[in-house]
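Hi everyone, thanks for coming.

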Amino acid sequence: MSWISASSRTSHAFGTPELSLAAKVWQISRVFVVLVLALGAVGVLGQYSAANGHMEPWAGRHALRFGVLFVGMIGIALIDIRFLARMAYPIYFANLLLLAGVEAYGKIGGLGAQRWINLGFVQLQPSELMKIALILGLARWFHDATLEDVRRPTYLLAPLAMVLVPVGLVLAQPNLGTGLMLLMMGGAIFFLVGVRLWKFGLLIACGVGAVPLVWRFMKDYQKRRVTTFLDPSTDPLGAGYHITQSKIALGSGGLWGKGFLLGSQSHLNFLPEKQTDFIFTLLCEEWGFWGGVSLLTLFAMVVAYGIFVGLRSRNQFGRILALGLSINLFLYVFINTAMVMGLIPVVGVPLPLISFGGTSMMAVMIGFGLILSVLVHRDSRMRNGEI
Amino acid sequence: MNLPADLPRRRTLGRRAAMLGGLHVGMLGLLGARMYQLQIRDRERYQTLADENRIAIRLLAPSRGTIVDRYGTPLAHNERNFRALLVAERTPSIDRTLATLQTIVPLNDDDLQRIERDVARKRGFVPVLLRDNLPWEQVAAIEVHAPDLPGVTIEIGDVRAYPLGPAASHLLGYVSAVTEADLKADRDPILSLPGFKIGKNGVERQHEQTLRGVAGTAQVEVNAVGRAVRELARDDAQAGPKLTLTLDAELQKLAYEKLAPKRSGAAVVLDIHTGAIYALASYPGIATDLFMRPIPQSVWTELVQDPATPLMNKAITGVYAPGSTFKVATALAGLSTRKVEPDHTVNCAGHFTVGDHTFHCHLKGGHGRVGFAQAFAKSCNVFFYDVATRAGIDAIYDAASTLGLGQPSGVDLPHESAGRVPNPAWKKKVSRDVWHPGETPSVGIGQGDVRANPLQLALMVARLASGSAVSPHLTKTGVRNEWSRLPFEARHLDVVKSGLEAVCSPGGTAAAAQIKEPGMQMAGKTGSAQFRRITQEERDEGVHSDDLDWDEADHALFVGYAPANAPRYACAVVIEHGGHGNTVAAPIARDLLLEVQKRNPGAVV
């Protein structure tokens, strides 16, 4: 029994080891914390540069939020994973209600664009938090599942609904980027728990078949984003302008960049949304190829650490949670950077911890807290069907 | 505890996590490759694109070249013009700023509407014109109240000034805003500068390319909305060079003043040796600031409908039947073809018959037997009906063409008319009819279809007096004295010149207008061009051309040169509907020829 030898440190107790608060704090990975702090620091520098070398209006608030959320991350890391598992469904459904409520309120109140709740220091978008809630919910569901369960199609209907309901709500907002991310997240977790590949093949085939249908229901601006992506030169001053200018900024940065605060494209406002979605472009213009590669490496290390944490956990809930959150982070980074480099269409996905914006930072920091919680409580053993 | 079940699912999870991890590595590799492509392989291309983005070339307007007369007196120059501008984004409240400005500079509703429109249309940092041509006191007041007028700045610009005013308005032309048509015709990017003005008529238009100067450029760093952040390099504009005309400003003014008591007319004075134009006036002139701002429709309609045609430069564009002044050409036609000899005489009984058509002399009883001298002096029509009939229309056409009629003189001004000397070929072209012998006598006395502009008439006497193919010019470059000789014998020219001297001698039609100063006497020919033919019925009823309304009366003409014994200056005067050449046009020509001899501009090269 490999689990016995692997848990020799806690063999005095049958079942779950109970850790003191101090022991839990000690268990928090210092490497991970340093990586997160490094990302936060890059974010503040980026925001400082985006404001032409001023703390106002972005860098100061960015640093403050990061500080508050960092404390929150540590706090979440200390929460018992069994409690998290118990709370997984309530959190999922509460979030779903919030999402539906905001959607309904937005429609009723005639505030079509208002999809957030003001919490004071951040404006909360339920669609961002839904990603975490979905991972929690799916982790909880598959925690109870044996491989045999997973192989039964009927067993997959409930988790499929857990994915598709929020995706539908988010797409209706309409928020294409977040909707697709939720879909990919769900797909990744299904894949991880061992759903047969042919089932994915079937679903993808259905999805491709549905493309013409989806196209019909897409808003004009969403269609334009896709067509502009396919040929940005057709509309150099319209939607394609963003991609073109972003590529110019990136390319002109060269190997070593133009230097901190010296990015002409960014500072002369050719770069749109430079403090949010296009912050990676600004950083690459000023820090060059090596700066960009370093930042991507930093993210890759965080993701790899998260996967490592997941694989080391002794409970399926923790494994799925940490892996799902790591994949979520990777998707954020990939979609954002691929977008600003003109590899995929412009979808509003921020760069975690670097882009200005409270909700995404909050979601990412909660995710980090949960990964740390999985790490701290990696030896908690939870039986199937029992938490 | 269902622990054994955990192992297979943990293995699957591990395997699949590794697969996803591999996918992640692949995707990261894709990102890295894209970054390599953009930032290393294509770096230079994007660097260039970034610089093109960043650096904008701004044109700097050159100041327009001044125009001076032969003595260096300014005819057109640039004056400083103080303009108040508003940068909308620098004021918290446009309304309040405008209200404060109103206490210093009164703005009318038109101004306010225009400002409101410009503010709405232009970007916040682009200055909007509030008011130009500000007097100094208002400029000072605005500067003093600057703290209460956020966003208001004073700019010094150029405005074209014409010291001679209406007197040289046609000759010099004007400058005005660039139109769409101008932009199509001229690709010079400077035309697209806001507020840039180009020459639209006269000398301003003729020498537009020279006067305009060469635009400078400034390389400025701009941001995405086009706001200049700083200047990187500057290549200053080159002002247009000074343009010197052959004109004599004083003489030009005098010509205009002499025309002013009349309702409409034109006068030209030129140098017989060089072709230099000393005065070229058309009355009425136009206010020189007329075209500087949009013209109200009512004012424009009034100008267009004015029978005195103030918008036309009558000295080169207006065409008139030359009347008796054309007898110069008729005489030379007859003499040069040897159809008549210098001692030719005709008995004038007051009328002349060709076929079944009778032509009248202006003296009812007739002049009796007259030769060239008396025929010119008395302006006997019958004599010239006879000469014309003998010479034939082709000879008249040749002589008139040689003297410069019927084709543009080639003077360096726009909108010169060609005039017309009719001949059988022309008639066939316009009416598909043959030339009737009965038409020749009319042409012989400058009636019928003969048309000439005042400059051509001055040129005609200049060529007669010099016997050479002198051509007029207005720009003082490359003064010419050598012209080819005309194909007329000197003795034939002398016959005509003697005739013109007789006109201004006792007994001649212009005797009263003779210059008294010794050695300055003029020779010339009067003319009264029929504008409306008096019918036989009216003639029977005793209607005389003097009884007609202004706009039906004859045009009064005079062409002449001085000094009579050594011709140097030629002059032509046309007074529209002025009546008689001898009493109306001749005195003006006399005054101009006297003054030009006194000033003697030909002595200043």
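Let's begin with strand E12 of chain B, residues 277–283. Keep in mind that this is a predicted model. So, is E12(B) buried or exposed? Well, 7 of its 7 residues are buried, so the strand is largely enclosed by the rest of the structure. To call a residue buried here, we want 20 or more other C-beta atoms within 10 Å of its own.

Who is next to E12(B)? That would be strand E11 of chain B, residues 265–271: the two run antiparallel, with 6 bridges joining them.

Okay, now over to where the chains meet. On chain B, 38 residues are in contact with 45 residues of chain A. Two elements of chain B give two or more residues to that side, namely helix H1 (6–41) and helix H2 (43–54). Which one gives the most? It's H1(B), with 20 residues. By class, this side of chain B has 20 nonpolar, 10 polar and 8 charged residues.

Last stop, chain A. An unreviewed UniProt entry lists several stretches as "transmembrane region", including residues 31–50 and 154–172. In the model, residues 31–50 of chain A are 100% helix, and the end C-alpha atoms lie 29 Å apart. For residues 154–172 of chain A, it's 79% helix and 0% strand, with 27 Å between the end C-alpha atoms. That's it from me!

How values were computed: Residues are numbered from 1 along each chain as its sequence is written. Chains are lettered from A and ligands numbered from 1 in the order in which they are written. This is a predicted model: local features need pLDDT of at least 70, side-chain atom pairs count only at pLDDT 80 or more; totals for chains, interfaces and linings use all residues. Two residues are in contact if their C-beta atoms, placed from the backbone, lie within 7 Å. Helices (H or I, at least four residues) and strands (E, at least two) are DSSP runs, numbered from the N terminus. Ala, Val, Leu, Ile, Met, Phe, Trp, Tyr, Cys and Pro count as nonpolar, Asp, Glu, Lys and Arg as charged, and the others, Gly among them, as polar. UniProt positions are given in the numbering used here, feature names are shortened, and annotations may be inferred rather than shown by experiment. A residue is buried if 20 or more other C-beta atoms lie within 10 Å of its own, exposed if 12 or fewer, and partly exposed in between; C-beta atoms are placed from the backbone. Two strands pair if DSSP finds at least two bridges between them.
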